[in-house]
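Let's take a quick tour of a protein chain and the spaces inside it. Have the model open as you read.

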Amino acid sequence: MAVDSTLSSPLGPPACDKDAKALRFIEEMTRNADAVQERVLAEILSRNAETEYLKRFKLDGATDRETFKTKIPVITYDDVQPEIQRIANGDRSPILSAHPISEFLTSSGTSAGERKLMPTIKEELDRRQLLYSLLMPVMNLYVPGLDKGKGLYFLFVKSETRTPSGLLARPVLTSYYKSEHFKTRPYDPYNVYTSPNEAILCPDSYQSMYTQMLCGLIERNQVLRLGAVFASGLLRAIRFLQLNWVELAHDIRTGSLNSKITDPKLKNHMKHFIKPDPELASFVIQECSNENWEGIITRIWPNTKYLDVIVTGAMAQYIPTLNYYSGGLPLACTMYASSECYFGLNLNPMCKPSEVSYTIMPNMAYFEFLPHGSGSTRIVDLADVEVGKEYELVITTYAGLYRYRVGDILRVTGFHNSAPQFHFVRRKNVLLSIDSDKTDESELQRAVENASKLLVKFNTSVVEYTSYANTETIPGHYVIYWELLTKADSVNSSNSPTHEVLNQCCLEMEESLNSVYRQCRVADHSIGPLEIRVVKNGTFEELMDYAISRGASINQYKVPRCVNFTPIMELLDSRVVSVHFSQDLPHWTPERRR
């Protein structure tokens, strides 16, 4: 297809006219980043000038940066939670936004153990759709021919609930997949999925995964890329194939559908799609019955050019396993987004995971940056960040969050035109993460305290503990190391805590963790049972000796509450005397506790 030469881009030769316009838009936004930011802030403040929140701080209609920064405080979720709760309870006055709050997006971050509720407005869907529309034009610069096949993407909707006033509360991707923007998206040869909408929108995770995998197998030779939101999600799909290939091969051989697929819309779609294919069924059996699953992705989907998954931050722990199953296919991280706001995209999506940098799109929201770890508290604008320095992201959105600390720590790696590029370092204060869960130190401490109450009647207590996220299993799971102290008068008694009691401690810890963790365990099956490994007495003293031998100060040494350094984990594992797991699922329902 000939491309209009007047729409060429400094990013590279576009694949088509549509791509050319998208690349030109990226150039326009990033060339004038500071001016775009000034306009965005003025738009947000002028449209929301009469909101209760802005009037409280006597902004008096001002839309300039200096007045805004002088009068509006930098906040966390807890600061704005009372206003959010009022909206959730039915207050329709313009509290945060002049535009009606259309729904709440539930964050993977939590407050008081429940998902945070992020207010959003209808037009935010347009803004998110805009960022999505830029991803393939960039990818097409690096991977030619993606219009000649399809993408096998494992996409799912998750549980949603309603606030007391009836407003929906659901994850941002569930909101997007259920929107008309997604369901009635125009045909784009560069962005065709093997998964039908009926499978993506099926609320039953087993039926959804089964039919998405079945469609992906049937169209195996057309698949040019595999993806999921997170790396952990793609690995769960591979594990699902390991557990269900016999049933899948049967359906392919006979042209029939597994009786466990009961969703009416899904059944109706699949009966028109699936046809008997004994040759393909034999191939699936041949590949999947082989004990060696190394390179299984390229064996089953031989034309795959890359995997489209997030492997930055906590997801980096899955890279070795992805490489094992894919034979080292490139891992593409395409965009940076959260429930609060969509931020930007990776202009070099085929780079190594360790080199991923996201270019912030200045039209998405108003961005500020709080220096992290330098002692400075002077917040700087998007165009004024410095290469090599780390910052905490602060956002002001069209939907009514003002100077809100997102909690992401970013390192500036460079600039594209005048827009900075950032490497995602980590979530602030997050200790453990397997999937979308984020457990901080205080939550882990509370869980250990609650579980240890079960040991009191055995005259036993937890004297030290640490943890790590074990991603060698699929799904991954939390591992907690406990050193126990049993009082002298009961050391040799039969009243020591039993294996069953310590298993119960595992479940009690899970019951104490936040709702995102419990949803991942119960509904999404993306986290396995929590494990407690009891270590010999004196183990944590050895841990301290090791740290001091490596230069730690004996006066300032603190037991790390999370470990990932191989020698330390080897030391801990060499001292394990017993291993225990949760035998049941913790309690979880979509309804919020408050």
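How many Å separate the centres of domain 1 and domain 3, taken over C-alpha atoms? The answer is 40 Å. Keep in mind that this is a predicted model, where local features need pLDDT of at least 70 and side-chain atom pairs count only at pLDDT 80 or more, while totals for chains, interfaces and linings use all residues. Residues are numbered from 1 along each chain as its sequence is written, and side-chain values use heavy atoms, with hydrogens and water left out.

**Domains**
- The chain's domain assignment gives domain 1 (17–100 + 360–427), domain 2 (144–304) and domain 3 (441–581); such bounds come from an automatic or database assignment.

**The largest cavity**
- The structure holds 2 cavities of 30 Å³ or more (a cavity is a set of points, on a 1 Å grid over the protein atoms alone, where a 1.4 Å probe fits but cannot get out; lining residues have an atom within 4 Å of a point).
- About 70 Å³ of space lies in the largest one (a volume is the space filled by probe spheres set on the points, which are joined across faces, edges and corners).
- Its lining has 13 residues, with L105, R128, S339, E340 and C341 lying nearest the centre.

**The second largest cavity**
- This one has a volume of about 60 Å³.
- Among the residues lining the second largest cavity are S232, Y318, I474 and S526.
- Why does the second largest cavity lie between domain 2 and domain 3? Both domains give residues to its lining, so it lies between them.

Definitions and conventions: On a 1 Å grid over the protein atoms alone, a cavity is a set of points where a 1.4 Å probe fits but cannot get out, and a pocket is an open set with protein on both sides within 12 Å along at least five of seven lines; lining residues have an atom within 4 Å of a point.
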